[in-house]
Amino acid sequence: MNTFNFTAKDKLNAISALPLQSIKGSTITITGLAVDNRPDRDGVVITVGYIKTADGKIYTTISDTVIRGIDALIDYVCDEDLDSVDVKVATKKSKNNREFYVLELI
């Protein structure tokens with residue numbers, strides 16, 4: 001598990017995390033991050049990203065793009081010795097006109 005300020009309590013609360021898509025277009029203050037592997041309903045192991053916000057909510061995603069962003073943010077906040085970071089949950093369009101999510105530093 002790759003983490004920044006993500007406690008055992010946060011991991012437990014992540015069971016009832018909200019989907020990141022539910023805050024599309026919002027700017028959030030992130031105070032914790034994690035990337036973990038867990039089995040899905042069929043037992044297939046998938047990579048999952050978790051984002052903890054300043055208000056204590058936890059959001060989850062299986063988006064490869066967002067998970068790469070979470071990994072990069074963990075490196076960034078640790079390298080810069082930050083307690084939190086403001087990020088916009090943005091969307092982009094692929095070449096096939098499909099919407100996908102990205103994290104943008106504010």
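These legends walk you through close-up views of a predicted model.

**View 1. Helix H2 and its length.** Helix H2 covers residues 64–80.

View 2. Look for Val 66, Ile 67, Gly 69, Ile 70, Leu 73, Ile 74 and Val 77, which are buried. They cover an arc of only 150 degrees around the axis, which means that they sit on the same side of H2. The buried residues of H2 pack against several strands, including E1 (2–4), E3 (27–39) and E4 (45–53). On the face turned away from the buried side, you will find the exposed residues Asp 64, Arg 68 and Asp 79.

**View 3. Salt bridges of helix H1.** The structure has four salt bridges. In one of them, the side chains of Asp 10 and Lys 52 meet at 2.7 Å, N to O. Asp 10 belongs to helix H1 (residues 8–13) and Lys 52 to strand E4, so this pair ties together parts 42 residues apart in sequence. Both Asp 10 and Lys 52 are buried. Asp 36 and Lys 11 also form a salt bridge, at 3.8 Å, N to O. Because Asp 36 lies in strand E3 and Lys 11 in H1, parts 25 residues apart in sequence are tied together.

View 4. Glu 99 is in strand E7 and Lys 24 in the loop between strands E2 (18–19) and E3, so the bridge ties together parts 75 residues apart in sequence.

How values were computed: Residues numbered from 1 in each chain as written. Predicted model: local features only at pLDDT ≥ 70, side-chain atom pairs only at ≥ 80, totals over all residues. Heavy atoms only, no water. Helix = DSSP H or I, 4+ residues; strand = E, 2+ residues; numbered from the N terminus. Expected span 1.5 Å × (residues − 1). Buried < 20%, exposed > 50% of the residue type's maximum accessible area, 1.4 Å probe, protein only. Arc of directions from axis to C-beta. Contact = heavy atoms within 4.5 Å.
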